[in-house]
Amino acid sequence: MLKNSLIQFRYFKDDPSQLNIDLAEYDQSKISSKNYENLRDLLALSVKVSKEIFPEIFQSIEFVLDKLKIRNNFNFFVTANHIETNASCISSPDLNSAEIILTSKLIELLNYDELKYVIGHEIAHFYFQHHLYPLPSSAKNRISYLNYLNFSRAAEISCDRIGFLAAGNLDNALKAMLKILTGLGEKHIKFNFSSYLDQLRELKEIKGNSNLINSTHPTLLNRMQALILFSMSSEYLNFIGSQNKGVYTLAEIDEKIDSSIQKIVGDELVELNKDIFSRCLMWGALGLFLADKNFNKKEQELFEKNFGKKNLDSIKSLIKISNPKSITDKIHQILNEASVLIKEDKIQLLKELEKISSIASGEKEEIEEVLKELKKLI
Ligand SMILES: [Zn+2]
């Protein structure tokens, strides 16, 4: 896939490097057999979009690809589904093409300009290589599960932006979202977005809905607000050649969106991350202080200052009743938990531990050695 200027609009929390995922360079010459398997099923059960059978849908797709300057690596299908208004993009890490499926209900509900938003959104999932993110169902523990869901929600924000660029104007994108959310068509809805967004304020006032932390998608309330904010960013305005310079940069807008989503989904993930971070920091610090096999007065004071008296007292009694080997094992076991943190937090944790290593007493080499051990675990 050729990278083009759309990459600048990726939402900052939709960042695969935080999970140490390298974006794949697609080799256009390689067609895996898996491509054919997907295709075979779809060809049997759905109808492929072609100029001859669905000319208007076909044209909408061509329009979007042209507008976004993305090469056509896609097969589009329409499938009979009169209940769900959805679209999906199927791809896997070893594929260099994708199948995008639109339901009949979705097509019935939207006009072609609104459909362009959906087409752009689905193409963006492939363009941003969201199939490289681990599935929440593959998570081994609660924190990884919630982290993966967080990435999944962030991915939607990026794709909405590309859908919006494809649809050409904000109204088309927002109307598509509102129709998809309610399942209602044109004649029932008066598109008054600001009054709909009052619902977001209400939801925030009642402290959000913590069930939403288990959702792969942010609420449409958040998504619509995110899109409206994006349309006011300097980067977007510059991209469309507007005279208006915008009040906020995309980075500032991304922060606003993040805090708005956080208010709605609650802070369970933030708290879990913080817990692991502070536990690893405390035990890591202990490891560094004990590098010279001695937890001296000065180190105890530093420990108390950073982690509190209660923690100092329990560590002191632990040292009294345990042998050094079991303490080291415990430190290693706890530092191992840091492996579930995202990269940003790991880097921060390492920085803090480095700081502590510079104030621990003992031989420099011994402390360096412990620090190296701890780094390996993180
Ligand atoms: Zn999506």
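The largest nonpolar core has 55 residues, and keep in mind that you're looking at a predicted model here. Leu68, Ile123, Tyr127, Ile162, Ala166 and Ala173 have the most contacts inside that core. If you want to know which helix gives the most to it, go to H5, residues 142-167, with 10 residues.

Zoom in on Leu68 for a moment. Leaving out residues up to four places away in sequence, Leu68 touches Leu6, Gly120, Ile123, Ile162, Leu165 and Ala166. Apart from this core there's another one, made of 23 residues, including Ile315, Val340, Ala360 and Leu374. As a general point, nonpolar side chains tend to be buried together in soluble globular proteins.

Now step back to the whole chain. It has 378 residues, of which 32% count as buried, and its secondary structure comes to 16 helices and 4 strands. Along the principal axes, the C-alpha trace spans about 80 × 50 × 40 Å. Take the contacts between residues at least 6 apart in sequence: 75% of them join residues at least 24 apart.

For a bit of helix packing, look at H7 (residues 193-205) and H8 (residues 220-230). Their axes come within 10 Å and cross at roughly 120°, which makes H7 oblique to H8. The crossing is left-handed. On the H7 side, Phe193, Leu197, Gln199, Leu200 and Leu203 make the contact, while H8 brings Leu221, Met224 and Gln225. Sorted by type, the residues of this contact are 6 nonpolar and 2 polar, with no charged ones.

Conventions:
Residues numbered from 1 in each chain as written. Predicted model: local features only at pLDDT ≥ 70, side-chain atom pairs only at ≥ 80, totals over all residues. Axes fitted to C-alpha atoms, helices over the stretch in contact; angles between N-to-C directions. Helix = DSSP H or I, 4+ residues; strand = E, 2+ residues; numbered from the N terminus. Parallel < 35°, antiparallel > 145°, perpendicular 65-115°, else oblique. Left-handed = near helix turned anticlockwise from the far one by under 90°. Contact = placed C-beta atoms within 7 Å. Nonpolar A, V, L, I, M, F, W, Y, C, P; charged D, E, K, R; others polar. Buried ≥ 20, exposed ≤ 12 C-beta atoms within 10 Å, placed from the backbone. Core = buried A, V, L, I, M, F, W, Y, C linked by C-beta atoms within 7 Å.
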